[in-house]
Amino acid sequence: MLEHLKKLGKIFRNKYITATLLFILWISFFDQTSIIYDIHLTQKEKQMKAQKIYYQKQTQMATEQLKELQTNPANLEKFAREKYFMKKTNEDVYVFVDQNNHLLDTLNIKTK
């Protein structure tokens, strides 16, 4: 065991190896653009790309729904009845909620 410590001592006495190890430690953990920070940014980038795809799909769906509402008056009435609970004079409106008290629309999509 003592021999191993002597070998390590000889290795660390070499100023080039010591400087290289200190440089690697500094870049890995202490620098402003460290490897840990880089990994964190990569994960955040993946998350943001997933959000971008989600919002693009939502925008596309909303655009299609807007076109339907602008072109067909029957769809406009259906939308008003389902989303804003509008009713005709002699009708009753029933609102269904799930176990968490979230409203359920006709497509069975949870809305908050």
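Visitor: What share of the 112 residues in the chain is buried?
Guide: This is a predicted model, in which local features need pLDDT of at least 70, side-chain atom pairs count only at pLDDT 80 or more, and totals for chains, interfaces and linings use all residues. Residues are numbered from 1 along each chain as its sequence is written, and side-chain values use heavy atoms, with hydrogens and water left out. Buried means under 20% relative accessible area, exposed over 50% and partly exposed in between, with a 1.4 Å probe and protein chains only. Of the 112 residues in the chain, the buried share is 5%.

Visitor: Which pattern does the chain follow along the sequence?
Guide: Helices (H or I, at least four residues) and strands (E, at least two) are DSSP runs, numbered from the N terminus. The chain has four helices and two strands. Read along the sequence, the pattern is α-α-α-α-β-β.

Visitor: Is Ser28 buried or exposed?
Guide: Ser28 is placed in helix H2. Its C-alpha lies 9.7 Å from that of Asp38, 10 residues apart in sequence. Because its relative accessibility is 13%, Ser28 counts as buried.

Visitor: Which helix supplies the largest share of the nonpolar patch?
Guide: Patches are made of residues with over 30% relative accessible area and no salt bridge, nonpolar side chains (Val, Leu, Ile, Met, Phe, Trp, Tyr) being joined within 5 Å and like charges within 9 Å. The nonpolar patch covers about 860 Å² and includes Leu2, Phe12 and Phe23. H1 and helix H2 (15–30) each supply at least two of its residues. The largest share, five residues, comes from H1.

Visitor: How does Phe12 count by its relative accessibility?
Guide: Phe12 is found in helix H1 and belongs to the nonpolar patch. With a relative accessibility of 47%, Phe12 counts as partly exposed.

Visitor: Which residues form the positive surface patch?
Guide: Lys and Arg count as positive and Asp and Glu as negative, while His and the chain ends are not counted. One of the members, Lys10, sits in helix H1 (residues 2–13) and is exposed at a relative accessible area of 60%. The patch is formed by Lys6, Lys7, Lys10 and Arg13.

Visitor: Which residue forms a salt bridge with Glu45?
Guide: A salt bridge is a side-chain nitrogen of Lys or Arg within 4 Å of a carboxyl oxygen of Asp or Glu, and the whole structure has one. Glu45 is partly exposed at 41% relative accessibility. Both partners lie in helix H3 (residues 35–71), four residues apart, about one turn of the helix. The closest N and O atoms are 3.5 Å apart, and the partner of Glu45 is Lys49.

Visitor: Why is the pair of Tyr54 and Tyr55 edge-to-face?
Guide: Rings of Phe, Tyr and Trp (its six-membered ring) pair if their centres lie within 6.5 Å; planes under 30 degrees apart count as stacked, over 60 as edge-to-face and the rest as tilted. By this rule there is one aromatic pair. The ring centres of Tyr54 and Tyr55 are 5.2 Å apart, and the pair is edge-to-face because the planes stand at 65 degrees.

How values were computed: Areas by Shrake-Rupley, 256 points an atom, 1.4 Å probe, with all protein chains shown as cover. Charge placed at Lys NZ, Arg CZ, Asp CG, Glu CD.
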